[in-house]
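Student: Hi! I'm new to this one and would like a friendly walk through it. Could you show it to me?

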Amino acid sequence: MGYYEFTFLKLLIGFCVLIAHLNLTGKTQLSQMTPIDFIGNFVLGGIIGGVIYSDTIPLKQYVILLLLGVLLISALNFASKHISSIRTITIGDPIPIMKNGNFILENVLKSRNKLDIVSLTSQLHSLGINSFEEVRYAQVEPGGQLSVITKEATMFSVLVIKTGEMRQHGLEIIEKDEDWLKAKLEEKNLTVEDVFLGEFWKSELVLHLYNGKKETI
């Protein structure tokens, strides 16, 4: 096999592996991708580019490297989906920046959050909101988007339980603690492990249970 034919074969294999990976994970749009996916795609692209321009790496090793890269990305995404502490590190949690019409300055000014107030103002205007004076609650999503509730609008729901685990971040937003949540669940003779999804909305706790039922407290 000639040089160009062999190079084309390696390129074709790389494309096939990447397309298969994206289709299997269902992440075919940029908006669906996590930071792990972005970094992982750069790594896979580096493997493909490095091997294409090198004749010293055998085809078998090239395929194994690609599959190992895909396996690593999938494992990290699985871990971040099921382990809250890993998700906080790899993807992050929403960052509340305004509550009851006032800035939460400790979140805005934290160096690790690296929030640019000018950029946030531009996002606010792009949402059709003229001033922070109209805002009751605002948070920066893990993807960088700004979510806003105006003073006239209804507050959006806050997740406090996800797949049988309490979400401390959600409890902090609604100014409640784990004891409060456990007491609420005990009213229905439930435990956290019984709940697939729990959200706090309009001063009520709405529970979607693993048995397919729904409870409102």
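This is a predicted model: local features need pLDDT of at least 70, side-chain atom pairs count only at pLDDT 80 or more; totals for chains, interfaces and linings use all residues.

**A chat about the model**

Student: OK, what about asparagine 100, what is its phi?

Tutor: Asparagine 100 has a positive phi too, near 55 degrees. You'll find asparagine 100 in the loop between β1 (95-99) and β2 (102-103).

Student: Is asparagine 100 buried or exposed?

Tutor: Asparagine 100 is exposed, since its relative accessible area is 61%.

Student: Changing topic: how does the span of helix α1 compare with what it should be?

Tutor: The two agree. Helix α1 covers residues 3-25, and its 23 residues should span 33 Å at 1.5 Å a residue. The end C-alpha atoms of α1 are 33 Å apart.

Student: Which residues of α1 are buried?

Tutor: They are Thr7, Lys10, Ile13, Gly14, Val17 and His21.

Student: Why would residues three or four places apart in an α-helix point the same way?

Tutor: Because an α-helix has 3.6 residues a turn.

Student: What covers the buried residues of α1?

Tutor: The cover includes α2 (35-52) and α3 (59-82).

Student: What happens at the start of α6?

Tutor: A side-chain oxygen of aspartate 116 reaches to within 3.1 Å of the backbone nitrogen of valine 118. Valine 118 itself is in helix α6, and it is exposed because its relative accessible area is 56%.

Student: How far is valine 118 from isoleucine 52?

Tutor: Their C-alpha atoms are 43 Å apart in space, and the two are 66 residues apart in sequence.

Student: Which residues make up the nonpolar surface patch?

Tutor: Phe103, Leu105, Leu109, Ile117 and Val118 make it, and the patch is about 490 Å². Leucine 109, one of those residues, lies in the loop between α5 (105-108) and α6 (117-126). Leucine 109 is exposed, as its relative accessible area is 66%.

Student: Now salt bridges: how many are there?

Tutor: The count comes to three. In one of them, the side chains of lysine 99 and glutamate 175 meet at 3.2 Å, N to O. Lysine 99 lies in strand β1 and glutamate 175 in the loop between α7 (168-173) and α8 (178-186), so this pair ties together parts that are 76 residues apart in sequence.

Student: How exposed are lysine 99 and glutamate 175?

Tutor: Lysine 99 counts as partly exposed at 21% relative accessibility, while glutamate 175 counts as exposed at 61%.

Student: What does glutamate 133 pair with?

Tutor: The side chain of glutamate 133 meets that of lysine 151 in a salt bridge of 3.8 Å, N to O. This pair links distant parts of the chain, 18 residues apart: glutamate 133 is in the loop between α6 and β3 (135-140), and lysine 151 is in the loop between β4 (146-150) and β5.

Student: And which side chain meets lysine 188?

Tutor: That is glutamate 215, in a salt bridge of 3.7 Å, N to O. Lysine 188 sits in the loop between α8 and β7 (195-201) and glutamate 215 in strand β9 (residues 214-216), so the pair ties together parts 27 residues apart in sequence. Lysine 188 is partly exposed, with a relative accessible area of 37%, and glutamate 215 counts as partly exposed at 25% relative accessibility.

Note on methods
Residues are numbered from 1 along each chain as its sequence is written. Side-chain values use heavy atoms; hydrogens and water are left out. Patches are made of residues with over 30% relative accessible area and no salt bridge: like charges are joined within 9 Å, nonpolar side chains (Val, Leu, Ile, Met, Phe, Trp, Tyr) within 5 Å. Accessible areas come from the Shrake-Rupley method with a 1.4 Å probe; for residues, only the protein chains shown count as cover. A salt bridge is a side-chain nitrogen of Lys or Arg within 4 Å of a carboxyl oxygen of Asp or Glu. Helices (H or I, at least four residues) and strands (E, at least two) are DSSP runs, numbered from the N terminus. Buried means under 20% relative accessible area, exposed over 50%, partly exposed in between (1.4 Å probe, protein chains only). The expected span of a helix is 1.5 Å times one less than its number of residues. Contact means heavy atoms within 4.5 Å. A polar contact is a pair of N or O atoms within 3.5 Å; within protein, one must be able to donate a hydrogen and the other to accept it, and residues adjacent in sequence count only if both atoms are side-chain atoms.
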